Amino acid sequence: MNILHIDCSPRPGSHSRQLSAAIVDKLLELAPAARITRRDLGADPLPHAAADYATTLSSPATLAAPLKGSLDRAEALIHEVEAADVIVIGTPMYNLTVPSTLKAWIDQVLRVGRTFKSTPAGKVGMLRDRPVFVGIASGGVFTGERANQSDFLTPYLSVVLRTIGLTTLQFLSVQATAFLDEDAATLARKKALAAIDLRVVENVPRPATVEGA
(Lines give C-alpha, C1' and ligand atoms only; values in the text may rest on other atoms or scores of the structure.)
Protein backbone atom coordinates (compact mmCIF):
# COMPACT_ATOMS: atom_id res chain seq x y z
CA MET A 1 0.00 0.00 0.00
CA ASN A 2 1.17 3.51 -0.85
CA ILE A 3 -0.02 6.34 1.41
CA LEU A 4 0.20 9.99 0.38
CA HIS A 5 0.28 12.00 3.62
CA ILE A 6 -0.37 15.72 3.21
CA ASP A 7 -0.21 18.28 6.03
CA CYS A 8 -1.15 21.93 5.68
CA SER A 9 -0.68 23.57 9.07
CA PRO A 10 2.41 25.80 9.46
CA ARG A 11 2.51 24.94 13.16
CA PRO A 12 4.52 21.89 14.30
CA GLY A 13 2.45 19.71 16.59
CA SER A 14 -0.83 21.33 15.50
CA HIS A 15 -4.15 19.58 16.10
CA SER A 16 -4.56 18.81 12.39
CA ARG A 17 -1.05 17.34 12.20
CA GLN A 18 -1.70 15.14 15.21
CA LEU A 19 -5.00 13.98 13.73
CA SER A 20 -3.55 13.16 10.31
CA ALA A 21 -0.64 11.31 11.95
CA ALA A 22 -3.13 9.28 13.99
CA ILE A 23 -5.02 8.40 10.80
CA VAL A 24 -1.78 7.21 9.18
CA ASP A 25 -1.01 5.14 12.29
CA LYS A 26 -4.43 3.48 11.93
CA LEU A 27 -3.64 2.67 8.30
CA LEU A 28 -0.27 1.21 9.31
CA GLU A 29 -2.07 -1.16 11.68
CA LEU A 30 -3.87 -2.47 8.60
CA ALA A 31 -0.77 -2.47 6.36
CA PRO A 32 2.47 -2.31 8.40
CA ALA A 33 4.62 -2.44 5.25
CA ALA A 34 2.92 0.53 3.63
CA ARG A 35 5.11 3.14 1.91
CA ILE A 36 4.47 6.74 2.92
CA THR A 37 5.04 9.74 0.65
CA ARG A 38 5.05 13.03 2.59
CA ARG A 39 3.91 16.36 1.15
CA ASP A 40 4.22 18.96 3.91
CA LEU A 41 2.53 22.06 2.55
CA GLY A 42 2.84 23.85 5.88
CA ALA A 43 6.61 23.47 6.23
CA ASP A 44 7.33 23.64 2.49
CA PRO A 45 4.53 25.62 0.78
CA LEU A 46 3.99 25.31 -2.94
CA PRO A 47 4.23 28.43 -5.11
CA HIS A 48 0.84 29.55 -6.30
CA ALA A 49 -0.03 29.00 -9.96
CA ALA A 50 2.35 31.13 -12.02
CA ALA A 51 2.00 32.92 -15.36
CA ASP A 52 3.46 30.04 -17.38
CA TYR A 53 0.97 27.63 -15.79
CA ALA A 54 -2.01 29.88 -16.55
CA THR A 55 -0.79 30.49 -20.10
CA THR A 56 -0.36 26.78 -20.77
CA LEU A 57 -3.91 26.07 -19.65
CA SER A 58 -5.42 28.92 -21.62
CA SER A 59 -6.04 27.08 -24.91
CA PRO A 60 -6.00 23.57 -26.46
CA ALA A 61 -2.90 24.46 -28.46
CA THR A 62 -0.81 25.34 -25.42
CA LEU A 63 -2.14 22.33 -23.50
CA ALA A 64 -0.34 20.12 -26.01
CA ALA A 65 3.00 21.87 -25.42
CA PRO A 66 5.85 20.03 -23.66
CA LEU A 67 5.82 20.19 -19.86
CA LYS A 68 8.06 22.83 -18.34
CA GLY A 69 8.29 25.21 -15.42
CA SER A 70 5.36 25.21 -13.02
CA LEU A 71 3.43 22.75 -15.20
CA ASP A 72 6.21 20.24 -14.65
CA ARG A 73 5.84 20.75 -10.89
CA ALA A 74 2.08 20.25 -11.17
CA GLU A 75 2.68 17.01 -13.04
CA ALA A 76 4.86 15.77 -10.18
CA LEU A 77 2.04 16.51 -7.71
CA ILE A 78 -0.42 14.59 -9.88
CA HIS A 79 1.98 11.64 -10.04
CA GLU A 80 2.02 11.55 -6.23
CA VAL A 81 -1.77 11.25 -6.22
CA GLU A 82 -1.74 8.60 -8.94
CA ALA A 83 0.87 6.53 -7.08
CA ALA A 84 -1.14 6.58 -3.85
CA ASP A 85 -3.58 3.87 -2.82
CA VAL A 86 -4.77 6.02 0.09
CA ILE A 87 -4.54 9.78 0.67
CA VAL A 88 -4.49 11.40 4.11
CA ILE A 89 -4.89 15.17 4.37
CA GLY A 90 -4.48 17.08 7.62
CA THR A 91 -5.71 20.65 7.43
CA PRO A 92 -6.77 23.47 9.71
CA MET A 93 -9.93 25.42 8.93
CA TYR A 94 -8.92 29.00 8.14
CA ASN A 95 -11.67 31.59 7.92
CA LEU A 96 -14.30 28.89 7.38
CA THR A 97 -12.44 27.13 4.54
CA VAL A 98 -9.12 25.62 3.39
CA PRO A 99 -5.79 27.39 3.97
CA SER A 100 -4.10 28.94 0.93
CA THR A 101 -1.37 26.27 1.11
CA LEU A 102 -3.92 23.56 0.36
CA LYS A 103 -5.61 25.72 -2.27
CA ALA A 104 -2.26 26.05 -4.09
CA TRP A 105 -2.00 22.25 -4.19
CA ILE A 106 -5.58 21.90 -5.43
CA ASP A 107 -5.07 24.47 -8.19
CA GLN A 108 -2.16 22.46 -9.58
CA VAL A 109 -3.71 18.99 -9.21
CA LEU A 110 -7.02 19.86 -10.85
CA ARG A 111 -6.13 20.20 -14.51
CA VAL A 112 -8.47 19.95 -17.45
CA GLY A 113 -7.47 17.20 -19.87
CA ARG A 114 -5.22 15.62 -17.26
CA THR A 115 -7.17 14.91 -14.07
CA PHE A 116 -10.65 15.79 -15.30
CA LYS A 117 -12.41 16.40 -18.58
CA SER A 118 -15.20 18.80 -19.45
CA THR A 119 -18.34 17.30 -20.98
CA PRO A 120 -21.79 18.69 -21.83
CA ALA A 121 -22.99 17.12 -18.58
CA GLY A 122 -20.21 18.72 -16.52
CA LYS A 123 -16.72 17.84 -15.31
CA VAL A 124 -15.78 14.15 -15.17
CA GLY A 125 -12.85 12.82 -13.12
CA MET A 126 -10.05 10.99 -14.94
CA LEU A 127 -8.23 9.50 -11.94
CA ARG A 128 -8.86 6.14 -10.30
CA ASP A 129 -10.84 6.39 -7.08
CA ARG A 130 -9.06 5.67 -3.81
CA PRO A 131 -9.91 6.40 -0.15
CA VAL A 132 -9.22 9.93 1.05
CA PHE A 133 -9.20 10.68 4.78
CA VAL A 134 -9.33 14.36 5.69
CA GLY A 135 -8.45 15.35 9.26
CA ILE A 136 -9.73 18.84 10.10
CA ALA A 137 -8.90 21.03 13.08
CA SER A 138 -11.12 24.02 13.77
CA GLY A 139 -10.90 26.64 16.49
CA GLY A 140 -14.70 26.91 16.47
CA VAL A 141 -17.56 24.44 16.10
CA PHE A 142 -19.02 23.84 12.64
CA THR A 143 -21.19 20.71 13.11
CA GLY A 144 -23.88 19.60 15.50
CA GLU A 145 -26.14 21.50 17.88
CA ARG A 146 -23.27 23.65 19.17
CA ALA A 147 -22.23 24.85 15.70
CA ASN A 148 -21.38 28.54 15.79
CA GLN A 149 -19.78 29.04 12.40
CA SER A 150 -20.26 28.09 8.77
CA ASP A 151 -18.36 25.31 7.01
CA PHE A 152 -17.14 25.96 3.48
CA LEU A 153 -14.22 23.51 3.82
CA THR A 154 -15.88 20.09 3.65
CA PRO A 155 -18.34 20.95 0.82
CA TYR A 156 -15.54 22.53 -1.21
CA LEU A 157 -13.09 19.65 -0.74
CA SER A 158 -15.86 17.16 -1.52
CA VAL A 159 -16.56 18.84 -4.86
CA VAL A 160 -12.96 19.38 -5.97
CA LEU A 161 -11.80 15.86 -5.07
CA ARG A 162 -14.80 14.28 -6.77
CA THR A 163 -14.08 16.42 -9.82
CA ILE A 164 -10.88 14.44 -10.41
CA GLY A 165 -12.45 11.08 -9.56
CA LEU A 166 -11.83 10.76 -5.81
CA THR A 167 -15.24 9.89 -4.39
CA THR A 168 -14.44 7.69 -1.37
CA LEU A 169 -14.07 10.47 1.18
CA GLN A 170 -14.11 10.50 4.98
CA PHE A 171 -13.94 13.71 7.00
CA LEU A 172 -12.78 13.51 10.63
CA SER A 173 -12.62 16.62 12.77
CA VAL A 174 -11.37 18.00 16.05
CA GLN A 175 -13.39 21.13 16.76
CA ALA A 176 -13.28 23.98 19.30
CA THR A 177 -9.50 23.62 19.51
CA ALA A 178 -9.24 27.21 20.74
CA PHE A 179 -10.86 26.05 23.97
CA LEU A 180 -9.32 22.59 24.47
CA ASP A 181 -6.57 21.71 26.91
CA GLU A 182 -4.21 18.83 26.10
CA ASP A 183 -6.36 16.14 27.73
CA ALA A 184 -9.54 17.36 26.04
CA ALA A 185 -7.77 17.55 22.68
CA THR A 186 -6.56 13.94 23.06
CA LEU A 187 -10.09 12.82 23.89
CA ALA A 188 -11.49 14.71 20.88
CA ARG A 189 -8.91 13.11 18.61
CA LYS A 190 -9.80 9.63 19.88
CA LYS A 191 -13.48 10.37 19.31
CA ALA A 192 -12.75 11.46 15.74
CA LEU A 193 -10.70 8.33 15.06
CA ALA A 194 -13.49 6.13 16.39
CA ALA A 195 -15.55 7.19 13.35
CA ILE A 196 -12.95 6.06 10.82
CA ASP A 197 -13.97 3.20 8.53
CA LEU A 198 -10.89 1.35 7.31
CA ARG A 199 -12.95 -1.23 5.42
CA VAL A 200 -13.00 1.09 2.41
CA VAL A 201 -9.22 0.69 2.11
CA GLU A 202 -9.59 -3.03 1.53
CA ASN A 203 -12.47 -2.62 -0.91
CA VAL A 204 -10.87 -0.14 -3.32
CA PRO A 205 -8.99 -1.96 -6.11
CA ARG A 206 -5.29 -1.21 -6.51
CA PRO A 207 -3.17 -1.63 -9.64
CA ALA A 208 -0.76 -4.54 -9.82
CA THR A 209 2.16 -2.14 -10.18
CA VAL A 210 2.48 1.55 -9.34
CA GLU A 211 4.88 3.89 -11.07
CA GLY A 212 6.04 7.21 -9.67
CA ALA A 213 6.25 8.40 -6.07
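The buried residues of α6 pack against β3, α5, β4 (116-119), β5 (122-125), β6 and β7, where contact means heavy atoms within 4.5 Å and buried means under 20% relative accessible area, with exposed over 50% and partly exposed in between (1.4 Å probe, protein chains only). This is a predicted model, in which local features need pLDDT of at least 70 and side-chain atom pairs count only at pLDDT 80 or more, while totals for chains, interfaces and linings use all residues. Residues are numbered from 1 along each chain as its sequence is written, and side-chain values use heavy atoms, with hydrogens and water left out. Helices (H or I, at least four residues) and strands (E, at least two) are DSSP runs, numbered from the N terminus.

**Helix α6 and its packing on α5**

- The residues of α6 that count as buried are Leu 153, Thr 154, Leu 157, Ser 158, Val 160, Leu 161 and Thr 163.
- Helix α5 (residues 100-109) and helix α6 (residues 153-163) pack at an angle of about 20°, and their axes are 11 Å apart; axes are lines fitted to C-alpha atoms, for helices over the stretch in contact, and angles run from 0 to 180 degrees between N-to-C directions.
- The two helices α5 and α6 are therefore roughly parallel to each other, given that angles under 35 degrees count as roughly parallel, over 145 as roughly antiparallel, 65 to 115 as roughly perpendicular and the rest as oblique.
- The crossing in which α5 passes α6 is left-handed; a crossing is left-handed if the near helix is turned anticlockwise from the far one by less than a right angle, and right-handed if clockwise.
- On the α5 side, Leu 102, Lys 103 and Ile 106 meet Tyr 156, Leu 157 and Val 160 of α6.

**The parallel sheet**

- Five strands form an open sheet in the order β2-β1-β3-β6-β7, with parallel pairing; two strands pair if DSSP finds at least two bridges between them.
- β2 (35-40) and β7 (169-174) stand at the edges with a single partner strand each, so one side of each is left without a neighbour in the sheet.
- On average, neighbouring strands of this sheet are turned by 15° against each other, direction ignored.
- Strand β1 (residues 2-7) runs parallel to β2 and is joined to it by six bridges, and Ile 6 stands opposite Arg 39 in β2.
- Helix α1 (residues 15-30) packs on the sheet and touches β1, β2, β3 (86-92), β6 (132-137) and β7; its direction makes about 160° with that of β3.
- Met 1, in the segment before β1, counts as partly exposed at 23% relative accessibility.
- Although Met 1 and Ile 36 are 35 residues apart in sequence, their C-alpha atoms are 8.6 Å apart in space.

- At 1.5 Å a residue, the 16 residues of α1 should span 22 Å, and its end C-alpha atoms are 23 Å apart, which agrees; the expected span is 1.5 Å times one less than the number of residues.
- In α1, the residues His 15, Ser 16, Arg 17, Leu 19, Ser 20, Ala 22, Ile 23, Val 24 and Leu 27 are buried.
- His 15 has 16% relative accessibility and so counts as buried; leaving aside residues up to four places away in sequence, His 15 touches Ala 137, Thr 177 and Ala 185.
- The axes of α1 and α7 come within 10 Å and cross at roughly 40°, which makes α1 oblique to α7.
- α1 passes α7 in a right-handed crossing.
- The contact is made by His 15, Gln 18, Leu 19, Ala 22, Ile 23 and Lys 26 of α1 with Ala 185, Arg 189, Ala 192 and Leu 193 of α7.

**The β4-β5 hairpin**

- A hairpin through two residues joins β4 to β5, and these strands pair in the antiparallel sense over four bridges.
- Within this pair, Lys 117 has Val 124 in β5 as its bridge partner.

- Most residues other than glycine have a negative phi.
- Asn 95, in the loop between β3 and α5, has a positive phi near 50° and counts as exposed at 75% relative accessibility.
- Ala 176, in the loop between β7 and α7 (182-194), has a positive phi of about 60° although it is not a glycine; at 8% relative accessibility, Ala 176 counts as buried.
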